Amino acid sequence: MTENRDYVQNLAQEYIQAGKPTAWFEKLYSQANNDEKLIPWADMKSNHNLIQWLNDHHIQTQGKTALVIGCGLGDDAEELSQRGFKVTAFDISPSAIQWCKNRFPNSHVNYLVADLLNPPIQWNRSFDFILESYTLQALPPELSLQAISLIANFLVPNDTLLIICRGRNMEDQLDKVPYPLTKNDLMKFVDAGLSLVDFEDYLDQERSSMVRRFRVTFKKQP
């Protein structure tokens, strides 16, 4: 698994240096050829950080729309769908989206190929719940900050955005993907018109190691 992570970091760095900072996702998924062991973040189950949050908050789901950003292999999207949301889930990688459709042939999730940095205009103010889990941290910092204002625009007023990401202090050095976010980075959502509801900063078990995790809840102002 360490070798896979090293490969992914080097692949991402190669594409970032070539000026194609999001193209490596499709390269990775297509090369994997349906072998999830080659996708370091593919646990083939819903993110436990999401499950815990949903269980704790008991939010209204029936008749509500949800958007999953950078859905990968679809487990989080399926979890939200099973809980009653009408889910749209997208990834920039066509291979990842096809993989989702193959894994869940009877799914009610609307799986789409889309680019977070160039999203469909009809998504603005269209979703009652948005999940962003581990996508911002996979983008170079200047692009993750650009994506923040776009994500904020997707949310219906008075409804909820949940961010799950790796966290860091301002002085921590950024090296390779993933790029952990700072609290100041995430507070850019407030600048984009959202209100901070909760900011959790904790250590999370990730396979054989502990990582610093932020789980942050925002609501859009009326």
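Begin by selecting W41, which counts as partly exposed in this predicted model, with a relative accessibility of 34%. W41 belongs to the loop between α2 and α3, the latter helix covering residues 48-57.

Y29 is part of helix α2, which runs over residues 24-32. Is Y29 buried or exposed? With a relative accessible area of 3%, Y29 is buried, because the limit for that class is under 20%.

Display both side chains together. Across the whole structure, a search finds 11 aromatic pairs, and one of them is formed by Y29 and W41. The arrangement is edge-to-face, with 6.3 Å from centre to centre and 70° between the planes. This pair links distant parts of the chain, Y29 and W41 being 12 residues apart.

Move on to W123 and F154. How are the planes of W123 and F154 arranged? Their aromatic pair is edge-to-face, at 85° between the planes and 5.7 Å centre to centre. W123 lies in the loop between β3 (110-113) and β4 (127-133), whereas F154 is in helix α6 (residues 141-154), so the pair ties together parts that are 31 residues apart in sequence. Both W123 and F154 are buried.

Finally, select K183 and F199. What sits over the ring of F199? The charged end of K183 is found there, 4.9 Å from the centre of the ring.

How values were computed. Residues are numbered from 1 along each chain as its sequence is written. This is a predicted model: local features need pLDDT of at least 70, side-chain atom pairs count only at pLDDT 80 or more; totals for chains, interfaces and linings use all residues. Side-chain values use heavy atoms; hydrogens and water are left out. Rings of Phe, Tyr and Trp (its six-membered ring) pair if their centres lie within 6.5 Å; planes under 30 degrees apart count as stacked, over 60 as edge-to-face and the rest as tilted. Helices (H or I, at least four residues) and strands (E, at least two) are DSSP runs, numbered from the N terminus. Buried means under 20% relative accessible area, exposed over 50%, partly exposed in between (1.4 Å probe, protein chains only). A charge sits over a ring if NZ of Lys or CZ of Arg is within 6 Å of the ring centre and within 35 degrees of the ring normal.
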